[in-house]
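Subject: Structure handover

Hello,

Here is the structure I said I would pass on. My notes on it follow below.

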Amino acid sequence: MPAEGNSVGLQGAPLPAPPPSRIALPRGATIPIALAVFSLILIGIGEVLSPGYASAKNMLQLLKLSSFLGIIAVGQTLVILAGGIDLSVAWVLTAAAFAFTTVTQGHAALIVQGLLAALAVGAGVGLVNGVGVARLHISPIVMTLATNSIMQGGTLVVTSGSPLGVPDLVRLVATGSVGPLPIMTLLWAGVTAVVVIAVAMTSGGRKLLSVGENPRVSFLSGIDNDAVTIVAYTLSGLSAAVAGVLFAGFSATSFLGMGDQFVLPSIAAVVLGGTSILGGQGGYGGTVLGVIFITLLSTDLLMGNISPGLRNIIFGLALICAVLSHRVLLRGESE
Amino acid sequence: MRRTWLSRIRLEENWPVLTFAALFLLDVLLKGRFSRFDLQTLCVNVLPLLLISFGQFFVVLTRGIDLSLGPISSVAGACAALLLARDMATGFAVALLAGAAAGFCNGLLVVRFALPPIVVTLASMSVWQGVALLILPNPGGDIPPELPDLLNSDFGVPTALILLVLVWLAAAWVMSTRFGLHLRAIGDDEAAARMGGVAVQRVKLAAYVLAGAAAALGGVTLAIATSSGSPTVGDDYILLSVATVVLGGVPLVGGAGGALGVAMGALIVTIIGSLLYFANLSSFYQSIINGVILLAVVGSRSARQWLALQLGRLGHAG
């Protein structure tokens, strides 16, 4: 039997499709190149719809818009690489933003305390998620769904939900620029560099990939699977919390439901970027391209004056097409 | 070994029933009554969730997940709200066909292209949300009044209760067929099922089609119960249906669980809502309590196992 599943089945009948990729597919440059090409096409469409879209200035603005999703997607990438998924980012983000604004009450002097409160919320929920998944063997979808639900109710009960102001300094970070470069873009670039290097080149990154690829093998080779999983979820909680504080700064207020718009795009960005939803393969570099692709697609759809319904349809179809093309590309690569 | 009365209850298998019984008792004690009207309200409220969750159940059994069932039910509800007033048969048929077709698309992408179900249905979720918005941009539409009247009617036994039992029996029947067996076999071990002669691809595809049709029925019921269609009404059910299935004792890794458990899961979710409403607690608490119960239900078993393991280790060390 050849190792590839897509040749001939047991009874000699052709197998219609390869099994979900547990086979070691070399993930080279095809997905990043394809995403970059798609993105260029989207930029072209944007320029046609609204001249000036492709200008460097506008591109930097779009990168700024992307950075919030980008920061959330850091945690989502790590968790998915470890073979899990984090549905709790929506209300962890909102809860952290509310923790921050409730503590600071708009005062610059209390920023550090506020930040600590927000990070504590993020790390706390992430830790609980990680322990539930790793130690109690609760399925990641159920675990993070439950904590999301609890954080949603908790935020509403504790804060009564009225929008709160944000210190000017945080607003400046989230909206300001250094020369032509938005601060958020610089921040995101820094985060990207750190995460890409950490995943690809450190022992921690290799452990993460190996837990996601095959937990049994990774356990037998002496890796503490539980610790790796718990760290991944904790980092995801932290990244959602950081994004929450910054997004509150961007919106000049924390408001209920501010995180809802990010959950599914964060998963979509990771998958678009070529990370296997089953874990073990991929990295944050691809996710960054996925985030940019999603931002370009949604701004194009907004500018095209397309009704919200049609926008949803096109977004979903584009996601399906992108994932299908990944499959074709990867099949080509592995042969 | 003599079996105690406690072991005869078979706690491990029957906790969805027991949890519901306990909550139901609490509900009756707190309200001090359980009139026929209460029964009818409970049944009407639980029906849409039950139908959508049975859809989710069939997919989860095959180790899949369907995040598009909520939006599919919105689409079906919108079709019903637009067409039922013109012609009942067309309205029901179009809604049901839309659901089955949507499920077919999901199934095809999962089976034919071997894409992960969560990714496929994430994308199709967005598509069906959009379709619902296109065909019914604003809540409304027209449901012929005799349908809500029928749903709320009472022939000695509330019609909704009869429907509830019929839906449960239908799901239990599906599970008792060869198809139901194959669904479980695939979730348990796909490779083994294939070797055992199960037409894995066809059965999986059928599971998604059935799920789409069940969600569509749920959407139509929802439209009838509220006398209107809404393009976003199904969004609440995207994750709620997953939670319901899990509460009903079905593991997300598939292969296990039964129709009775899922029905109990839907009843548990609905009765918690009614309890909170009665206790005059804001709906804020509903999401907290849903989350806590979900964790308690799935966590208790593994927590016990983990605890036993730790105690065992301590025993060895000492």
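What percentage of the 335 residues in chain A is buried? Buried residues make up 50% of that chain. Please keep in mind that this is a predicted model.

Chain A

Chain A holds 13 helices and four strands. If you take the contacts in chain A between residues at least 6 apart in sequence, 76% of them join residues at least 24 apart.

The axes of helix H7 (residues 183-201) and helix H8 (residues 203-213) of chain A come within 5 Å of each other and cross at roughly 70°. Angles of 65 to 115 degrees count as roughly perpendicular, and H7(A) and H8(A) are therefore described that way. On the H7(A) side the contact is made by A:Ala198, A:Val199, A:Ala200 and A:Met201, and on the H8(A) side by A:Gly204, A:Gly205 and A:Leu208. By class, five of these residues are nonpolar, two are polar and none is charged.

Helix H11 of chain A covers residues 263-272, and nine of its 10 residues are buried, so the helix is largely enclosed by the rest of the structure. Among the buried ones are A:Val263, A:Pro265, A:Ile267 and A:Leu272. Just after H11(A), A:Gly274 takes a positive phi of about 95°.

The nonpolar core

The largest nonpolar core has 196 residues, and A:Val92, A:Leu93 and A:Ala96 touch the most other members. Helix H11 of chain B (residues 200-226) gives the largest share of this core, 17 residues. To see the surroundings of A:Leu93, leave aside its neighbours within four places in sequence: its contacts are then A:Ile72, A:Ala240, A:Ala243, A:Gly244, A:Met258, A:Gly259 and A:Phe262.

Where the chains meet

The contact between the chains takes 43 residues from chain A and 39 residues from chain B. On the side of chain B that touches chain A, the elements giving two or more residues are helices H5 (88-112), H6 (117-135), H12 (237-247) and H14 (284-317) of chain B. H14(B) gives the most, with 14 residues. The residues on this side of chain B divide into 28 nonpolar, 10 polar and one charged.

H6(B) has 19 residues and reaches 26 Å from its first C-alpha to its last, close to the 27 Å expected at 1.5 Å a residue. Of those 19 residues, 16 are buried, so H6(B) is largely enclosed by the rest of the structure.

B:Ile271 is placed in helix H13 (residues 259-278) of chain B. B:Ile271 has 19 C-beta neighbours inside 10 Å and counts as partly exposed, because a residue needs 20 or more to be buried. Apart from its neighbours within four places in sequence, B:Ile271 is in contact with B:Leu23, B:Phe24, B:Asp27 and B:Leu42. B:Ile271 and B:Glu190 are 81 residues apart in sequence and 36 Å apart in space, C-alpha to C-alpha.

B:Arg86 lies in the loop between helix H4 (69-83) and H5 of chain B. With 10 other C-beta atoms within 10 Å, B:Arg86 is exposed. From C-alpha to C-alpha, B:Arg86 and B:Ser287 are 39 Å apart in space, and they are 201 residues apart in sequence.

Regards

Key
Residues numbered from 1 in each chain as written. Chains lettered and ligands numbered in written order. Predicted model: local features only at pLDDT ≥ 70, side-chain atom pairs only at ≥ 80, totals over all residues. Contact = placed C-beta atoms within 7 Å. Nonpolar A, V, L, I, M, F, W, Y, C, P; charged D, E, K, R; others polar. Expected span 1.5 Å × (residues − 1). Buried ≥ 20, exposed ≤ 12 C-beta atoms within 10 Å, placed from the backbone. Core = buried A, V, L, I, M, F, W, Y, C linked by C-beta atoms within 7 Å. Axes fitted to C-alpha atoms, helices over the stretch in contact; angles between N-to-C directions. Parallel < 35°, antiparallel > 145°, perpendicular 65-115°, else oblique.
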